[in-house]
2 protein chains.
Amino acid sequence: MSLFFLKTDSKPTLRKLLSAAVIFTSLNVSAQNTNENFVQYAHPLIGTAKMGHTYPGATVPFGMVQLSPDTDTLPYGVNGKYNPDVYKFCAGYQYDSKTIVGFSHTHFSGTGHSDLGDFLIMPTTGKLQLNPGTEDKPDSGYRSAFSHKNEVAEPSYYKVKLDDHNITAELTASNRVGMHQYTFPKADDAHVILDLMAGLYQYDNKNVWTFVRVENDTLITGFRQTNGWARTRTVYFAMTFSKPFKNYGTKIDDNNVYKGFWKKFDQEHNFPEVAGRNLKMYFDFQTAENEKIKIKFAISPVSTQGALANMKAEIPHWDFDRVKQEGQALWNKEFNKVAVKTISEDDKVNFYTAMYHSFLGPTTYMDVDGSYKGLDMNIYKTQGSTNFTSFSLWDTYRTLHPLFNVLQPARNVDMIKSMMAHYDQSVHKMLPVWSHYANENWCMIGYHSVPVIADAVIKGNANFDVNKALDACVTTARNKYYDGLNYYMEKGYVPDDKNTSSVSKTLEYAYDDWCIAQMAKKLGRNDIYEEFTKRSGNYKNVYDASIGFMRPKLDDGSWRKNFDPLDTHGQGFIEGNSWNYSLYVPQAPAEMIELMGGKKRFTAHLDSLFSMNLPDKYFENTEDISREGIIGNYVHGNEPSHHVAYLYNWLDQPWKTEDKIRMILKAMYKSTVDGLGGNDDFGQMSAWYIFSSLGFYPVAPASDQYIIGSPAIQNAKINLENGKTFEVDVKDQSDKNVYVQKIELNGKVLTRNYITHSEIMDGGQIRFYMGAKPNKKRVSAQAIRK
Amino acid sequence: MSLFFLKTDSKPTLRKLLSAAVIFTSLNVSAQNTNENFVQYAHPLIGTAKMGHTYPGATVPFGMVQLSPDTDTLPYGVNGKYNPDVYKFCAGYQYDSKTIVGFSHTHFSGTGHSDLGDFLIMPTTGKLQLNPGTEDKPDSGYRSAFSHKNEVAEPSYYKVKLDDHNITAELTASNRVGMHQYTFPKADDAHVILDLMAGLYQYDNKNVWTFVRVENDTLITGFRQTNGWARTRTVYFAMTFSKPFKNYGTKIDDNNVYKGFWKKFDQEHNFPEVAGRNLKMYFDFQTAENEKIKIKFAISPVSTQGALANMKAEIPHWDFDRVKQEGQALWNKEFNKVAVKTISEDDKVNFYTAMYHSFLGPTTYMDVDGSYKGLDMNIYKTQGSTNFTSFSLWDTYRTLHPLFNVLQPARNVDMIKSMMAHYDQSVHKMLPVWSHYANENWCMIGYHSVPVIADAVIKGNANFDVNKALDACVTTARNKYYDGLNYYMEKGYVPDDKNTSSVSKTLEYAYDDWCIAQMAKKLGRNDIYEEFTKRSGNYKNVYDASIGFMRPKLDDGSWRKNFDPLDTHGQGFIEGNSWNYSLYVPQAPAEMIELMGGKKRFTAHLDSLFSMNLPDKYFENTEDISREGIIGNYVHGNEPSHHVAYLYNWLDQPWKTEDKIRMILKAMYKSTVDGLGGNDDFGQMSAWYIFSSLGFYPVAPASDQYIIGSPAIQNAKINLENGKTFEVDVKDQSDKNVYVQKIELNGKVLTRNYITHSEIMDGGQIRFYMGAKPNKKRVSAQAIRK
């Protein structure tokens, strides 16, 4: 992917921006275990500038609908040719945009590639315009200028004034239904536009087909079928107005659609059935001053009947405030799972915004009756569990799913069941790589369903058929046509002259293979354990001891000649250069350190990573992050380095981890609209924040150990689903006291530098004593796992 | 529609062609009530030359699969522009073609517009070719030359030698599954091609989307979604081979389809999941001399799961001959409903071929579990009944559905239930006009679901909610945006300056309205009876007494000036000129005769219709028929005149009806490949043959009377579903003895010239005594209904 870099300078802090907004909320939600309203600290606008790629609109935790403003819907390009500008709008919204095109119902959070943006709705007044127009000439279309001073974004609530139309737009949502509330001026020419062409990563011919029925003067149903990141994707909808429209119509921009005997009708005016590739609809109203027109917009993966049933089940009324309050109550319930005290309000905003972003996906993908579309396009029905979609697994296996094993164990089991259903439906007999909306989109590399499943199995959060799951992992890992796996299985590495990103793939396959081995060991399946333990050592095959870096190896066994360990593109890596990626052996840090010349040399590598200056030419080849997403040559904005700061623990220098973690927490997460240094990647970046600010981190998912870092909070009560509470208490916390002096676990001094999953899940207390200088004697050299 | 006229000369009679073929059949089927094998008389090749538009392939009665050879799949044109040559191939096959492109699974029978042709399969040997090539250069593609001497077509069985590939192809089918049997030569390079681009009335962008999964080395699943005559149509399939293929691949001709991360795969070779607009697949085999490779190909309106279930339920084995025999047994069961004796074998061939064509549609449209796709694209499930589709109602309301009320009463009820389901699903709140595959295609004019329903109600074959059905008819007839109905309701006619085919529409609306009135009368709904009785007189509003013809009237009430009653196109009529269409008042022949100047003048009109010479320039403007489809200016090849020969009965000259009917039976139905003078129109032409050759005909469906003509058979036992038998016995039958001398009904002389539906359904016998001269005293002037 190409790179986008915003040249804007400093932003006002978000809290300032939102101070007025918060007054509007008047929250009545009550947390389960405390009376605190955490919703006020979660700010959906954080990450909406530059590279965060988050969206500010309304959704409930893991909700199917993400109803959010789109500030542009640029074309992807023509004939599949990439338009780099489209990348800015992966989530539909960019804070620097001056105009809003409309409000659509589906968005990814934080991704670096995109899709969705289904069913864009825009209320307008004045002359009917059915083209969106352009940002520099907003009058040329239905889009509207807006000002951030008239904008409010809270969990489950978004509000903005559409200046061009003098309309106040408010959005909220239940799981499967978006609710719009538009306050109109007095107008004879009020309109609501439903643009079925609009979408994200939109391009020539992305719309495969759309179909709309105007069932009566308040109800519209239909579907949109697209060919994009998801190759064969259909979303069904049912849309209803609180007030009957006067007239309606359709603009049909289809030269190549067969008209046949439909020509006998005027399909563009008050005609109730239209279909084609490029449809836009409008609905006309007469409005009194301050009249509110509300819309309920339900979606379904299955059918318009399903969408209607979702609407009736979830929002059987027209009370907008009730939907908002119920949504915020759901958020507060989730936020309450970690009740934190912090030394600053900024930290609290960062924490709950990270919680918010962590719980945006994977998203619900089934109707209220459990029906959903499978990978083979057949309709399936879950039995008591929730089916999820949008698995950004290359990102989220690292920290988000481990976080779910602590904070969302029930949902994580359902996510694994969803991944298993995907496997069952997959003609490739593969677990998901990057899947959404009944499609595998094959984005990124590895088979990182494996660590998600293995982590759950190892941690005992495995209320699914574990042996079948292991079989699925093994079958996935043996697929001969998948991304160099045939070579990897034959030679122990992916040859760089046979496949792209060859080193990244080799390293990640090796880690995934270790996960399979751990799972097999636990399940007593020794042959698999042995096979995959052997494979997990394949990382050694791409280490070039002569230069001290992981390096692309050719099919003939020789090293690639043209090689620059600072560069990313075309160097055998993806989203990380060799300086970073060479450290990616989370399954065996000690062996890796040994391989790379021992602790001293490795320490030098690690130190320089954070302190060196990465020349601009290399940054420009780094993906998906802003300049702020880099510290030295340490790339936090991308995922392959997320464990790196914790590696000092294997070098007997935990204080360097402590120092670096606090530095990263400060530098990479700010309570500003551009506060995220890279794509949030569906919560992975945010999950890193949560674990790291709590003081421990899962360096190797599928291990039951969390490595100690440096907590950034004062106190956290982790209210577990099993009813127990694990408390993180921090003494002498301050911005300067970043060094851990002593740790007590349940009142006893902890000399090892990790805690286990069961220690958390059993409830209890970990207490950190902090200071301004390292306590180099706190842990013994043997205190870390090998 | 434009016209296609084949300039070929005389054809060998079909029986000669088929004499060898019949030897192959060795039928084991046994009829229920006789031991006769009627299947041998039904010849699917009749009507495949010139304008018949029938297909020769394999299907069971009312079957969902019509597996038939396509001799060309010409493009419809580009950007919706019509290519007149495509019209020849409405049914995929033209007898004069020299090559076969392949065998596809869905075909309309006898239509004058088209769609379908889904999933073309072609076995080949030699170099793999994935383009069909052209007829003049068959070597340029996978198509093959063939010879009629190597061709056999029977009900449920088709066989042909593919000369270019030295392969013998055999086809048979169950209701939802086509079965192929290909006998290969010894070949290292045998292939089976599955062309997902091919289709009928194919054109630029007709394929909206296709999706294919190679589930294993014998099973393929997927779907094809098209935008054609049916705007939004999807057919799902499951295909299985009797032998595993060695290799397979896909040709993807999609420039505008987004490739995304699928680019990491070689999707063209042995890759199990492909999707796009323009896909062709191939499967490679090595074959021994005379090795048979069989294919079972199931379709579903719902899903690939549905298709697989259909396959497993209907053909759980690989016994090709058993499928063929079971299919032919189903046909014989239907044929046995009328066991006829004829004076010539030609007549018997014509009779059973007409029975065959009459029972080809409407076609089954549901899976074995009753699931089908509705008009709103949702999935519905029937409760005990069969859901049907492909309602060519403008044609079939006249004779085919009345025939079903005698021979297929249970199926006709299910057809009406299917039409009612369509109504329930219709956002237009309309009964079907011309519907197929979950779509209304709006072809032709009128609302002729009404006479189908009314005929069933009047005849007491009404095991459905009759009051709801009446409401549906009324609502349909009051739709203000449908085809001039607003004007018709306001002014009593469709103004010619406001709508096309204004006179045809006015006349047909008036007849349909009479049907509604009859139904309302029977159901005691007097207000509806009165409203629609009034509307049924609207035919008078387009009669211009000054010229003695029905004539287009303008919005201001004046007659259209530029008018030629011999011409069809642009003259206010469709598929019939004013000479023919002026006689279209089947609901009130006596009043029409009065209106048109009384019996004498009307007799002159009618006599001249059959005797005049229609100049070529007028014929060229007549649609859907060959020159043989016309007698004088009487156009039998199109439907509006189908009742006309029976009108002499209202003129006290039944002998002229007798004479004309026998003439039409001889002239318009021949046992040759070009034996049908016009489109068979999904059995309407053939149903006319059956009634007329039995000696009576439903001039006005929704009346319970069948008007007497002149029987052409010697004896017919009509074996009714109620267990009774109605016998038609004809004494002194010969080609010259066309005049009815006397009729006895159940042994008593019949002096009226009609019989009623209950007289047939109660069982009994009608006996005709024939002679070479008219018996002008046989019936009294009062013997016909008013």
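**Notebook: hairpin, buried helix and chain contact**

I began with a hairpin in chain B: strand 12 and strand 13 form it, with 6 residues between them. This is a predicted model, in which local features need pLDDT of at least 70, side-chain atom pairs count only at pLDDT 80 or more, and totals for chains, interfaces and linings use all residues. Residues are numbered from 1 along each chain as its sequence is written, and chains are lettered from A and ligands numbered from 1 in the order in which they are written.

**Strand 13 of chain B**

I took strands (E, at least two residues) and helices (H or I, at least four) as DSSP runs, numbered from the N terminus. I looked up the pairing of strand 12 (residues 219-226) with strand 13 in chain B; it is antiparallel, over 8 bridges. Strands pair if DSSP finds at least two bridges between them. Thr226(B) stands opposite Arg233(B) of strand 13.

I then checked strand 17 (residues 292-300) of chain B. It runs antiparallel to strand 13 of chain B, and 6 bridges join the two. Here Ala238(B) has Ala298(B) as its bridge partner.

I also checked burial. In strand 13 (residues 233-241) of chain B, 8 of 9 residues are buried. Buried means that 20 or more other C-beta atoms lie within 10 Å of the residue's own, with C-beta atoms placed from the backbone.

**Helix 8 of chain A**

I turned to helix 8 (residues 449-458) of chain A. It is largely enclosed by the rest of the structure, because 10 of its 10 residues are buried. Among them are Pro451(A), Asp455(A) and Ile458(A). I listed what these buried residues pack against: helix 5 (393-396), helix 6 (400-407), helix 7 (409-425), helix 9 (466-477) and helix 11 (502-522) of chain A. Gly460(A) follows helix 8 of chain A, and its phi is positive, near 75°.

**Where the chains meet**

I looked up the contact next. It takes 46 residues from chain B and 46 residues from chain A. Residues are in contact if their C-beta atoms, placed from the backbone, lie within 7 Å. On the chain B side, strand 11 gives the most, with 5 residues. By class, that side has 21 nonpolar, 15 polar and 10 charged residues.

A rotation of 180° with 0.0 Å of shift along its axis puts chain B on chain A, at RMSD 0.1 Å. The copies are thus related as by a two-fold rotation axis. In chain B, Val208(B) has the C-alpha nearest the axis, 3.2 Å from it.

Methods: Contact = placed C-beta atoms within 7 Å. Nonpolar A, V, L, I, M, F, W, Y, C, P; charged D, E, K, R; others polar. Buried ≥ 20, exposed ≤ 12 C-beta atoms within 10 Å, placed from the backbone. Least-squares fit on C-alpha atoms with pLDDT ≥ 70 in both.
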